[in-house]
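Please read it alongside the sequence and the coordinates.

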Amino acid sequence: MSAHSTSGSAVVAGHRVSPDHYIAGRRVETERRFEDRAPYDRSILAEVACGSEEDARSAAQAAADAFPAWAALGPSGRAPYLHRLADLIDANVDRLADVECDDMAMLLRSLRARVIARGARNYRSYADLAVAHQERDWHSNDTWNRVQRMPAGPAAVITPWNAPFMLSTWKTAPALAAGCTVVLKPPEWAPLSCSLLADLTEEAGFPPGVFNVLQGIGEEAGAALVGRPEIRRISFTGSPETGRAIGVTAARNLVPFTAELGGKNPLIVFADADLDAAVAKAAGQYDDAGQVCLAGTRLLVEESIAGQFLERFKEAASQHVLGDPRDDATTVSPLIHPDHLARVEGFVDRARAVGDRVLIGGERSDAGELFYQPTLIEPASNETEIVQREVFGPVLTIQTFADEAEAVELANSTEYGLSGIVYTGSAERAERVGRAVRAGTVWVNTFLVRDLTAPFGGTGISGIGREGGDYALDFYSDLKTLQILDGTTG
Ligand code: NAD
């Protein structure tokens, strides 16, 4: 991967990227920097600004200063900015995809074909939704009741490394559309695409301070940002552990916060399912090296087809090609960072030690420094760590069930509740099991298809609150009820 960097500038995959903060419409350099490396070949991509408490203060202050004018524009006044940003994202798909691929190692073809374009859709759809769904009013008790959305204030948006660009757009789109100004804290293991996003907001003409990027380490820059008194909303995606820490700060400051957290999601295959489709989807859970919060990592298969399923799954999994995320032939990319590889490896080693059986994989791969083999584990019991804790790597477990009741019991047997995937040939079963699985989203005979107006989030330790559609616009607003007595005249 070709890259060179000095303080204040970097060239990644042939594209110039600023590794500095973006505050009040200006790039802000820092003395302290941290190294950002490519997961694929570990080359240094950039020396990124390391945000301090003072940087967090000035970013939050910039967002606070820009807030009144941005809020006053109203949804229709803000919509053109979001549409221009969406158009610019579409015009820059290759640049954004190339940089994200080097920085995070998501497959380049997925980035180019759908992931970056989804960012543009986020801005477009929230711009339109905020205009279409502004006020609700109805008449009762001789008064008009009118519910209005008042923009909440500056929002802190904190995103993880596994889909930095897409998740940053998913959160900042409703915030900006609702009239909040934003300070985005990108993930330190993949900070660069968020910096490009700042460039595009400038090109789209956003007023200085409406969109700010504070680079840095989570426990330092992130923690300082969420604790700032200017911040009136916190939207976080990441691990349950960090979610708890941010929740404490949010509680102390009485600031509403949403948290989209980890998953340990069941993928349930009934005997009446289309086995080809179920096997293909199950083996596809290794995509992005399993670093996907929504991935169905617990395969639950009906006993009567378990042998057949396993044989076919092994065959499908063996087709995966581990390699350079820029190559079309690659299907499984490297893990993000050596610390994360060690974490994934630790899970598998401990599983072996407690008697769980490794059916496929279970070792580092010789495809490169940060590769881990697609791994399937048959746990010794449902209580074992490998079943109960999110690995966030290419590691799946397989268990069998005798009937629908047992499938649901196993599906709901962890503390998580982000998503569920069900494969069945029965519409009645789809309804029953879809209702019974405890999760924010359940897909039946499909996966990852999402209407952006539907609520999104997790139950249990998978999250607090919902984003998506009106749910997100409500979150970034203070709802006000205005009641006007009939006959009131001017
Ligand atoms: P993480 O919690 O370590 O970090 C996420 C972000 O929080 C980063 O930007 C980090 O710098 C910041 N951060 C860390 N400590 C902080 C603190 N004390 N205060 C403020 N900010 C802080 O998570 P990660 O390792 O980057 O991401 C992986 C996790 O994210 C997994 O658990 C995964 O399931 C989850 N995730 C969830 C969803 C979802 O939609 N539910 C989507 C993607 C990822």
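The model is predicted. In its packing of H2 with H4, the H2 side of the contact consists of Pro-75, Ser-76, Ala-79, Leu-82, His-83, Leu-85, Ala-86, Asp-87, Ile-89 and Asp-90. These residues meet Ile-116, Ala-117, Gly-119, Ala-120, Tyr-123, Arg-124, Ala-127, Asp-128, Ala-130 and Val-131 of H4. Sorted by class, the contact holds 13 nonpolar, three polar and four charged residues.

**Geometry of H2 and H4**

- Helix H2 spans residues 74-91 and helix H4 spans residues 108-132.
- Their axes come within 8 Å and cross at roughly 165 degrees.
- Angles over 145 degrees count as roughly antiparallel, so H2 is roughly antiparallel to H4.
- The crossing of H2 past H4 is left-handed.

- Ala-411 belongs to helix H13, which covers residues 404-411.
- Ala-411 counts as buried because its relative accessibility is 5%, and the cut-off for buried is under 20%.
- Leaving aside residues up to four places away in sequence, Ala-411 touches Pro-266, Ile-268, Arg-298, Leu-300 and Val-437.
- A C-alpha distance of 9.2 Å separates Ala-411 from Ala-436, and the two are 25 residues apart along the chain.

**Aromatic pairs**

- The model has 13 aromatic pairs.
- One of them joins Trp-161 and Phe-392 edge-to-face, with 5.4 Å centre to centre and 70 degrees between the planes.
- Trp-161 sits in the loop between strand E10 (155-158) and helix H5 (164-178), and Phe-392 in the loop between helix H12 (385-388) and strand E19 (395-401), so this pair ties together parts 231 residues apart in sequence.
- Trp-161 and Phe-392 are both buried.
- Trp-170 and Phe-456 also form an edge-to-face pair, at 6.1 Å centre to centre and 85 degrees between the planes.
- This second pair links distant parts of the chain, 286 residues apart: Trp-170 is in helix H5, while Phe-456 is in the loop between strand E21 (441-444) and strand E22 (463-464).
- Trp-170 and Phe-456 are buried as well.

**Aromatic cluster**

- Trp-70, Tyr-81 and Phe-206 make up one aromatic cluster.

Conventions: Residues are numbered from 1 along each chain as its sequence is written. This is a predicted model: local features need pLDDT of at least 70, side-chain atom pairs count only at pLDDT 80 or more; totals for chains, interfaces and linings use all residues. Side-chain values use heavy atoms; hydrogens and water are left out. Axes are lines fitted to C-alpha atoms, for helices over the stretch in contact, and angles run from 0 to 180 degrees between N-to-C directions. Helices (H or I, at least four residues) and strands (E, at least two) are DSSP runs, numbered from the N terminus. Angles under 35 degrees count as roughly parallel, over 145 as roughly antiparallel, 65 to 115 as roughly perpendicular and the rest as oblique. A crossing is left-handed if the near helix is turned anticlockwise from the far one by less than a right angle, and right-handed if clockwise. Contact means heavy atoms within 4.5 Å. Ala, Val, Leu, Ile, Met, Phe, Trp, Tyr, Cys and Pro count as nonpolar, Asp, Glu, Lys and Arg as charged, and the others, Gly among them, as polar. Buried means under 20% relative accessible area, exposed over 50%, partly exposed in between (1.4 Å probe, protein chains only). Rings of Phe, Tyr and Trp (its six-membered ring) pair if their centres lie within 6.5 Å; planes under 30 degrees apart count as stacked, over 60 as edge-to-face and the rest as tilted.
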